[in-house]
Amino acid sequence: MPVQNQEPTFTDLSHRIRAGDKRSEDQLSRRIAPGITQIIVGMTGNFAMAQELCQETLIIIISRLRSQPLDEPDKLPAFVAQIARNLVAAERRKEHRRKTDVDSEAIDQVADQSQGQEQDAQRESAAVAIRKVLAEMKSIRDRSLLVRYYLRDEDKKEICRELGLTEPSFNVILFRARSRFLELLEKQGLSGEDLFCLTFFAVIATQHWWI
Amino acid sequence: MTLTEQPTAERYVAGTLSDEEVARFEEAMIDRPDLAADVNVRRRIKAGLQLLEQRQELDPLLSTANRRPQFLRYAAAAAVLVVVAGSWSVWRFQAAGPAQVLFSATEIGTANVAKNLLLARTRAAGASVFTVPRNAGLLHFQILVDDPDGTPFVVHLAATATSGAISFNESTIPQTTDGFADIYVDPRELNSGDYVLSVRSQSGAEQTFPFTLHVTP
């Protein structure tokens, strides 16, 4: 017998949120937050900023769904993605104004430094983890595979051909490297997404005055 | 994430999707946290590698094998020579002492197989007795192991002579076929007598299979 997909549809979630169901807000937020974060990272290259703007996006979405239903709830992903993009654009405009606004320079420098430090910390922890993964790989060929695939964005088939690998072997090397990388990141502490989730749910819990 | 989505995630991170494809993929990520998680890992690995490259730490990692100092390599080579020479001396003076009689399936190449023999532990039966020709080819032992998933198995053969056990080489069985672990034995180096084949699984569990071999000329 086929396993039924228990995931509620966006239409269901929208209706429940409109009816005041807080669990559905939580469910929706957890489902869409990783995608929102990645859209923002894609536009800014900044993991720390992505977490901040993701929170803002979620607050806007939840507030909107609480107050007014969407005309086409099944198109929620497109709506969410657009809000995330708009927030990035607004942030860029703000950034541009900051650079030309002498009066607020001191305050903004503090804000920039804090976000910059967080960004550096995320990149640093990724670098530490991937350096260890590479160092643990005995074969230079496997290390080269990792760099060519993830850093140089080279085609998998081309890499396999040049390194004399079958595609299943390639996938095994990649799978092991990814697993080890994630294991090392987890050992370094909470991941960015975990921190984000904790922060967001603390924020959203205090946002009921919005509607 | 399905396999067909992987190239899209690759291309999304590489920035080679068209605007329309990006929009569709981003909507899919909103709906699918697993897809977003995959992109997240790719980006973090990429960011880490970029930082290593900026700091010029990447090239040394790619050009250097996990090398030991040169003198250690010579010392290791010397140690191997000593062990090999020692083993050869011991083998030479043993009463019945071929160094290698066990072969895995990958080692036999196109060698002829003279007989297929089944080794299984049963409550009723005693040790199996096999009569095999000395020079007709390899003996293919199909071993019915308790845990077919316990690969790789380390296989060891010993002759249980009254004057003391004589061990032969160990071999490895990387995988089972239909529940059987396959190993090949070269009878040219064996005398008639009692033997024990032991099979150790990856978890350390060991099964032993005693048998008697009559080797005919």
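This is a predicted model: local features need pLDDT of at least 70, side-chain atom pairs count only at pLDDT 80 or more; totals for chains, interfaces and linings use all residues.

Q: Okay, chain A then. How many helices and strands are there in chain A?
A: Chain A has 9 helices and 0 strands. Along the sequence, the pattern reads α-α-α-α-α-α-α-α-α.

Q: And what percentage of the residues of chain A count as buried?
A: Chain A has 211 residues, and 29% of them count as buried. Among contacts in chain A with a separation of 6 or more, 67% are between residues 24 or more positions apart.

Q: At what angle do helix 1 and helix 3 of chain A pack?
A: The angle is about 70 degrees, and the axes of helix 1 (residues 10-18) and helix 3 (residues 47-67) of chain A are 7 Å apart. Since angles of 65 to 115 degrees count as roughly perpendicular, helix 1 of chain A is roughly perpendicular to helix 3 of chain A.

Q: Which residues make that contact?
A: Helix 1 of chain A brings S14(A), I17(A) and R18(A), while helix 3 of chain A brings I62(A), L65(A) and R66(A). By class, that contact has 3 nonpolar, 1 polar and 2 charged residues.

Q: Switching topic: how many residues of chain B are in contact with chain A?
A: 30 residues of chain B are in contact with 31 residues of chain A. On the chain B side, helix 2 (19-31), helix 3 (33-54) and helix 4 (58-63) each supply at least two residues.

Q: Which helix gives the largest share?
A: Helix 3 of chain B does, with 18 residues. By class, the side of chain B that touches chain A divides into 17 nonpolar, 4 polar and 9 charged residues.

Q: How far does helix 3 of chain B reach?
A: Helix 3 of chain B has 22 residues and reaches 31 Å from first C-alpha to last, close to the 32 Å expected. After helix 3 of chain B comes Q56(B), with a positive phi near 60 degrees.

Q: Now the sheet in chain B. What is the order of its strands?
A: The order is 1-7-4-2, in an open sheet of 4 strands with mixed pairing. Strand 1 (102-103) and strand 2 (113-119) of chain B each have a single partner strand, so each has one side without a neighbour in the sheet.

Q: How does strand 2 of chain B run against strand 4 of chain B, and how many bridges join them?
A: Strand 2 and strand 4 (residues 138-144) of chain B run parallel, joined by 6 bridges. K115(B), for example, has L139(B) in strand 4 of chain B as its bridge partner.

Technical notes
Residues are numbered from 1 along each chain as its sequence is written. Chains are lettered from A and ligands numbered from 1 in the order in which they are written. Two strands pair if DSSP finds at least two bridges between them. Axes are lines fitted to C-alpha atoms, for helices over the stretch in contact, and angles run from 0 to 180 degrees between N-to-C directions. Angles under 35 degrees count as roughly parallel, over 145 as roughly antiparallel, 65 to 115 as roughly perpendicular and the rest as oblique. Two residues are in contact if their C-beta atoms, placed from the backbone, lie within 7 Å. Ala, Val, Leu, Ile, Met, Phe, Trp, Tyr, Cys and Pro count as nonpolar, Asp, Glu, Lys and Arg as charged, and the others, Gly among them, as polar. The expected span of a helix is 1.5 Å times one less than its number of residues. A residue is buried if 20 or more other C-beta atoms lie within 10 Å of its own, exposed if 12 or fewer, and partly exposed in between; C-beta atoms are placed from the backbone.
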